[in-house]
Amino acid sequence: MKPFVRGDVEGFFAFGLDSMLALLLISTLLLGFLGFDPELVFTRVLPGAAVSLIIGNGVYFYQALKLAREEGRDDVCAIPYGISTLTLIVYVFLVMFPTQQEALSLGMDKPDADRLAWHTGLIACIVSGAIEFLGAFVVHYIRRVTPQVVMLVAVAGTGIAFLSMDYMIRSFAIPLIGMPALALVSIFYFSGARPRLGIPGGFVVLAMGTLLAWTLHFLDVVHVVPGSPLNTEYIGLHLPMPEIFALWGSLSSAVKFLPIIVPLGFVFLVGSLQNIEAAAAAGDAYRPRPLLLTNGLGSLGAACMGSPFPTSIFLGHPGYKRIGARAGYSMINAVVWTLVCLTGTLTFFTWLIPVEAIMAIIVWIGVVVCAQNFQISEKRHIPAVIVGLLPAIAAFGGLVLKHGLAVGSAHSGINLFDAELEAMYATSRSFYVDGLFALGQGYIFSSMLWAGIIYYIIERRFHVAALWSAIGALLSLAGFIHSYEYLAGDIIGVLQFDWTPWASGYALMTVLLLVAPYLVIFVDDSSALVAEGVADDSRGDDP
């Protein structure tokens, strides 16, 4: 297989836009939300992120060529890799922001509080990278005993909820840009059509969205551009410098976030394995350990050199492969965005290109990833897939509700993140937010659990389903799933050993599944329909 083919350009514009979105969010959140000094962002954080891009994309480029040689194929697609938007949002809002605010409340100067928040994020990234690296040696055992549809269901849920649904909503918030972009993405990626003159479809989407945004801006209709102010003083070569030796003084601040960081590390590990499974389902069966080790090294390298954001094996491999991407798109992505991170030129992108111009491509990636789970599933297993999607949908619903609570708290001056919220919703709206938060907490694990339980019930292997339910009890007991607590401005998971109501529920389910084979009889599906008096129209009108 050639290192670079024409489809790699199309793949770069599809995947590179996702990478660009992550960098745009880093700039927006660190400069705007946290108020970091631009010098810290452009000379320390972004060069550190470049280190992770070089490590991961370089190795995955090589792994794709190696797999192609071993199997004698020319259609191997490299694993997509980079900084996940979900990851960086979690680290900013659940680790760095609380650290910064606590430091400010204790009287620390803003620059010192920012530095402490940055260092706490770096330590969190190191812990996450270590979990991903060490987990590479044991995670294959998980793969061996888990059906493929179960491995992929949390990825499908993430795709449909946190990618497609989230960015579909944002597209309809700015319909004059979002809806035409959705139309173009549908034409190019769902129908298989290509623009004339060999222009990559992703570039057409980006160009049209940006042009529309600026046109509407000058017509005084919609104002999503220009973005962040230009920081031209930081344009130049900024090489990454080690920061790990300066972290010791911040360890005490980071310890309190271990209940958040440790579960997230395992979530990223399992999520990466699921995305490798998605690649295998699309025809590229990589050996997981080298990929997971590289992913862990990427996060460790980033943290040691100044970036607080772990790297991830991305969703979307089937979609990139479908549009012709092979190995080269990974290397192009590394080179382009590494140069942007090292030279301070990201400021031009954040000023010129609105996020709204590229959201439709992310919607498409989420849909493709979710659809893949249905495509590889046997028809009788589809109910397991659907049940497995529900925790991810609940997690997204919980996120929407928390945004509403945050806005209400800011406007009213009253902290609405209170346990009394549950009773008020239950009595006045007949809506049980406690169930919403519980189902969504740790959704990557609970998606797999419930898909596994239903999968083996469908297979009539109740004892195996009972084992999955018992695992659910243990995870709930440890706080990996369902447990949560209210903070001043958020609702987060609680990693602690405690016998929760959900652990009791799983224990009761386990007992029921163990005794079920002795209490039921199995009937053929068609016999069951006849017994219920349901006619099978597919057999025609013959008596």
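Helix 11 (residues 288-304) has 17 residues, which should span 24 Å at 1.5 Å a residue; its end C-alpha atoms are 24 Å apart, so the two values agree. The expected span is 1.5 Å times one less than the number of residues. Helices here are DSSP runs (H or I) of at least four residues, strands are E runs of at least two, and both are numbered from the N terminus.

This is a predicted model, in which local features need pLDDT of at least 70 and side-chain atom pairs count only at pLDDT 80 or more, while totals for chains, interfaces and linings use all residues. Residues are numbered from 1 along each chain as its sequence is written, and side-chain values use heavy atoms, without hydrogens or water.

Helix 11 is largely enclosed by the rest of the structure, because 12 of its 17 residues are buried. Buried means under 20% relative accessible area, computed with a 1.4 Å probe on protein chains only. Among the buried residues are Pro288, Leu291, Asn295, Gly298 and Ala303. Glycine 306 follows the helix, with a positive phi near 120°.

The whole structure holds two cavities of 30 Å³ or more. A cavity is a set of points on a 1 Å grid over the protein atoms alone, where a 1.4 Å probe fits but cannot get out; lining residues have an atom within 4 Å of a point. Points are joined across faces, edges and corners, and the volume is the space filled by probe spheres set on them.

| Cavity | Volume | Lining by class |
|---|---|---|
| Largest | about 50 Å³ | five nonpolar, two polar, no charged residues |

Ser19, Leu53 and Trp337 are among the residues that line the largest cavity. Helix 1 gives the largest share of this lining, three residues. The second largest cavity has a lining that includes Val155, Asn275, Phe314 and His317. Helix 10 (258-281) and helix 12 (317-322) each supply at least two of its lining residues.

Histidine 317 sits in helix 12. This histidine is buried, at 1% relative accessible area. A polar atom of the histidine 317 side chain lies 3.2 Å from the backbone oxygen of cysteine 77. Beyond its neighbours within four places in sequence, histidine 317 is in contact (heavy atoms within 4.5 Å) with residues including Cys77, Pro80, Ala279 and Asp284.

Methods: On a 1 Å grid over the protein atoms alone, a cavity is a set of points where a 1.4 Å probe fits but cannot get out, and a pocket is an open set with protein on both sides within 12 Å along at least five of seven lines; lining residues have an atom within 4 Å of a point. Ala, Val, Leu, Ile, Met, Phe, Trp, Tyr, Cys and Pro count as nonpolar, Asp, Glu, Lys and Arg as charged, and the others, Gly among them, as polar. Buried means under 20% relative accessible area, exposed over 50%, partly exposed in between (1.4 Å probe, protein chains only). A polar contact is a pair of N or O atoms within 3.5 Å; within protein, one must be able to donate a hydrogen and the other to accept it, and residues adjacent in sequence count only if both atoms are side-chain atoms.
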